[in-house]
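Hello,

Here is the structure I promised to pass on to you. Please have a look at it first, and then read on for my notes.

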Amino acid sequence: MAIGEYVKSADWKSEKHVPVIDIPDLIKPGEAFNVEIMVGKEISHPNTIEHHIKWFDLYAMYDDGQFLIHLGHVEFTPVTTQPKAAFSVKLEKSGSLIATSYCNIHGLWESSKRVEF
């Protein structure tokens with residue numbers, strides 16, 4: 001089995017584990033822009049010691065790329081933090097941002113967002 005068979009995705013408006021990616025409406029190639037990732041935008045995640053988001057990873061995949069580019073990783077401490085992180089990113093060409101989040105009970109989740117130039 002491949003790891004992709006275990007990755008879950010859903011509409012973040014109805015599922016509290018999906019990482020939501022927010023980016024500006026206007027992005028220029030080669031210029032830094034802010035990427036915000038959060039879990040629980042519409043439905044709060046409990047974030048207790050027993051049930052929490054452990055980490056986020058952020059990747060980029062250019063349309064003509066062969067490999068994912070790992071942009072960042074953030075770890076969270078249960079209870080004391082909310083699952084939200086900000087990155088400053090600079091992309092050279094169009095592609096997709098892909099975020100993953102890990103819940104200690106419900107496993108690995110992902111979402112993506114197009115970046116067009």
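Predicted model: local features only at pLDDT ≥ 70, side-chain atom pairs only at ≥ 80, totals over all residues.

Residues are numbered from 1 along each chain as its sequence is written, and side-chain values use heavy atoms, with hydrogens and water left out.

The whole protein

You will find 7 strands and 0 helices in the protein; here helices (H or I, at least four residues) and strands (E, at least two) are DSSP runs, numbered from the N terminus. Read from the N terminus, the order is β-β-β-β-β-β-β. The radius of gyration is 14 Å, close to the 13 Å that the globule rule gives for 117 residues, so the protein is as compact as a globular protein of that length. That radius is taken over C-alpha atoms, and the rule is 2.2 Å times the number of residues to the power 0.38. Along the principal axes, the C-alpha atoms fill a box of roughly 40 × 35 × 25 Å.

As for burial, 38% of the 117 residues count as buried. Buried means under 20% relative accessible area, exposed means over 50%, and partly exposed is in between (1.4 Å probe, protein chains only). The protein exposes about 6900 Å², and carbon and sulfur atoms supply 52% of that area; the areas come from the Shrake-Rupley method with a 1.4 Å probe, and for residues only the protein chains shown count as cover.

Met38 lies in strand 2, residues 33-39. With 11% relative accessibility, Met38 counts as buried. Leaving aside neighbours within four places in sequence, Met38 is in contact with Val18, Pro19, Val20, Asp22, Phe56, Pro83 and Lys84. One of these, Val18, is 20 residues from Met38 in sequence, with 8.3 Å between their C-alpha atoms.

Ser96 belongs to strand 6, residues 95-103, and is also buried, at a relative accessible area of 18%. Residues up to four places away aside, Ser96 touches Tyr59, Ala60, Met61, Lys113 and Arg114. The side chains of Ser96 and Arg114 are joined by a polar contact of 3.5 Å. A polar contact is a pair of N or O atoms within 3.5 Å; within protein, one must be able to donate a hydrogen and the other to accept it, and residues adjacent in sequence count only if both atoms are side-chain atoms.

Glu75 sits in strand 4, residues 69-75, and is partly exposed at 47% relative accessibility. The side chain of Glu75 makes a polar contact of 2.9 Å with that of His73. Not counting residues up to four places away, Glu75 touches Lys54 and Trp55.

Where is Lys16? It lies in the segment before strand 1 (19-22). Lys16 is partly exposed, with a relative accessible area of 26%. Apart from residues up to four places away in sequence, Lys16 touches several residues, including Val39, Gly40, Ile43 and His51. Cys103 is 87 residues from Lys16 along the chain, and their C-alpha atoms are separated by 10 Å.

Best wishes

Note on methods
Contact = heavy atoms within 4.5 Å.
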